[in-house]
Amino acid sequence: MTDHALLLVNLGSPASTKVEDVRSYLNQFLMDPYVVDLPWPLRRLLVSLILIKRPAQSAHAYSSIWWPEGSPLIVLSRELQDAIAPHWPHGPVELAMRYGQPSIEGALRKLAAQGVKRVTLAPLYPQFADSTTTTAIEEARRVIREQGLKLEVSVLPPFFAEADYLDALVASAKPYLDQGFDHLLLSFHGLPERHIRKLVKDIDPQHDLRAPDSRGVSDEVLAVCYRSQCQRTAEAFAERAGLQPGQWSVSFQSRLGKDKWIEPYTETRLDELAKQGVKKLLVMCPAFVADCIETLEEIGQRGSEQFQEAGGQELVLVPCLNSHPQWVSALARLCETAVRPL
Ligand SMILES: C=CC1=C(C)c2cc3[nH]c(cc4nc(cc5[nH]c(cc1n2)c(C)c5CCC(=O)O)C(CCC(=O)O)=C4C)c(C)c3C=C
Ligand SMILES: [Fe+2]
Ligand SMILES: [Fe+2]
């Protein structure tokens, strides 16, 4: 059988580091109601305000990490696509981005034109958020409906607590852990608290968005609370890696705008850890399966400078899973068992 495709989906990058390309990417991204969850007129106003200064700042940041072949996120995702193909004997493996190119629409139309009948859609986000997982699924739904594509789609669920994913994370981090370090910071992408509140409010309105760990969180809440899922990933990672309490902690990065985002903020933790006497800091970013601007620039460059200015000696960025062989086979196995219908 060769009519069952695998479609890997990640977030996407601007077409180039030119300010106008970054502006158009940020406009598509931030006008997504799953990302800036305000009614259209307010969303348009807020995003237009953000688009006054942000494109030039982000273009500068992208320029500092851009590779000759293009955006690291896209290049690394292509490498993953090539590496996983031999592990997926059922049909073609395609790559799509939620924003920019290659698009979800282009990929699904291409697969349908090739005679593909089934698609396993794999949003490449270990932890669930409406701003990543839901929007990728909804975009696939829209394309299939509007284009009348005859495709049976199943979706890979969030894999934040899957043994295969956790073991691959430990294997990829091991060479860095073995070098010795004073502290390991697991820095996850942040989210406005509101995004989680609206999902948990009908299940457990008292759910604590400042809780220090994920103990006691019910399965129902865990299924929708991005922050608890991040904590669960970190706790399971620490246990598998044999880390002691106090050797590691969790933080949340990449805050945008004036809203309250989930805490503790990575920026705050970098200062605190340096002030506490941490000299060699390892930072891992387990919300990202591929290195991107958020890991390479925000942590690897700006975070590193900040940590040293606050008195730390060295910040070592542990690379994302990228195409680590154990991750490639783990992802293929996870996708084999994905049966959740679109
Ligand atoms: C890993 C999961 C991610 C979540 C959750 C997420 C939420 C989220 N992001 C923004 C705003 C921005 N994110 C940007 C880059 C970016 N974000 C993710 C992943 C998640 N985002 C990735 C993989 C990337 C990297 C893209 C790349 O090309 O390398 C950016 C663009 C960069 C910049 O200008 O800083 C913005 C903006 C919001 C508002 C949000 C939740 C509401
Ligand atoms: Fe983001
Ligand atoms: Fe939670």
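Colleague: What percentage of the 342 residues of the protein chain count as buried?
Modeller: Of the 342 residues, 43% count as buried. Buried means that 20 or more other C-beta atoms lie within 10 Å of the residue's own, exposed means 12 or fewer, and partly exposed is in between, with C-beta atoms placed from the backbone. Bear in mind that this is a predicted model: local features need pLDDT of at least 70 and side-chain atom pairs count only at pLDDT 80 or more, while totals for chains, interfaces and linings use all residues. Residues are numbered from 1 along each chain as its sequence is written, and chains are lettered from A and ligands numbered from 1 in the order in which they are written.

Colleague: Got it. How many helices and strands are in the protein chain?
Modeller: The protein chain has twelve helices and nine strands. These are DSSP runs numbered from the N terminus, with helices being H or I of at least four residues and strands E of at least two.

Colleague: And what is the radius of gyration of the chain?
Modeller: The radius of gyration is 20 Å, close to the 20 Å that the globule rule gives for 342 residues, so the chain is as compact as a globular protein of that length. That radius is taken over C-alpha atoms, and the rule is 2.2 Å times the number of residues to the power 0.38. Along its principal axes, the C-alpha trace spans about 60 × 50 × 45 Å.

Colleague: Which domains does the assignment give?
Modeller: Domain 1 covers 4-159 + 325-341, and domain 2 covers 163-317. The bounds come from an automatic or database domain assignment. Taken over C-alpha atoms, the two domain centres are 23 Å apart.

Colleague: How many residues of each domain are in contact with the other?
Modeller: There are 25 residues of domain 1 in contact with 23 residues of domain 2; contact means C-beta atoms, placed from the backbone, within 7 Å. On the domain 1 side, helix 2 (40-65), helix 3 (72-84), helix 5 (130-147) and helix 12 (325-336) each supply at least two residues. By class, that side has 16 nonpolar, six polar and three charged residues. Here Ala, Val, Leu, Ile, Met, Phe, Trp, Tyr, Cys and Pro count as nonpolar, Asp, Glu, Lys and Arg as charged, and the others, Gly among them, as polar.

Colleague: On to the ligand. Which residues come nearest to ligand 1?
Modeller: Ser-13, Ser-58, His-189, Cys-292 and Ile-293 come nearest, out of 21 residues around ligand 1. A residue is near if its C-beta atom, placed from the backbone, lies within 6 Å. Helix 5 and helix 11 (293-309) each supply at least two residues of the shell, and each of the two domains gives at least three.

Colleague: What is the make-up of the shell by class?
Modeller: The shell around ligand 1 has 13 nonpolar, seven polar and one charged residues.

Colleague: Which residues touch the most other members of the largest nonpolar core?
Modeller: Leu-7, Val-9, Ala-122, Leu-186, Leu-281 and Val-283 do, in a core of 99 residues. Such a core is a set of buried Ala, Val, Leu, Ile, Met, Phe, Trp, Tyr and Cys residues joined through C-beta atoms within 7 Å. Helix 12 gives the most to this core, with six residues. Domain 1 and domain 2 both give residues to the core, so it lies between them.

Colleague: Now the backbone. Where are the cis peptide bonds you flagged?
Modeller: One runs from Gln-101 to Pro-102, with omega near -5 degrees, and Pro-102 is in the loop between strand 2 (93-97) and helix 4 (104-113). Another joins Glu-263 and Pro-264, with omega about 0 degrees; Pro-264 sits in the loop between strand 6 (248-253) and helix 10 (266-275).

Colleague: What about phi of Ser-254?
Modeller: Phi of Ser-254 is near 65 degrees, a positive value in a residue other than glycine. Ser-254 also lies in the loop between strand 6 and helix 10, and counts as partly exposed because it has 19 C-beta neighbours inside 10 Å.

Colleague: Last one: is Arg-340 buried or exposed?
Modeller: Arg-340 counts as exposed, because it has 12 C-beta neighbours inside 10 Å. Arg-340 lies in strand 9 (residues 340-341) and touches Ser-154, Val-155 and Pro-157, not counting residues up to four places away in sequence.

Technical notes
Two residues are in contact if their C-beta atoms, placed from the backbone, lie within 7 Å.
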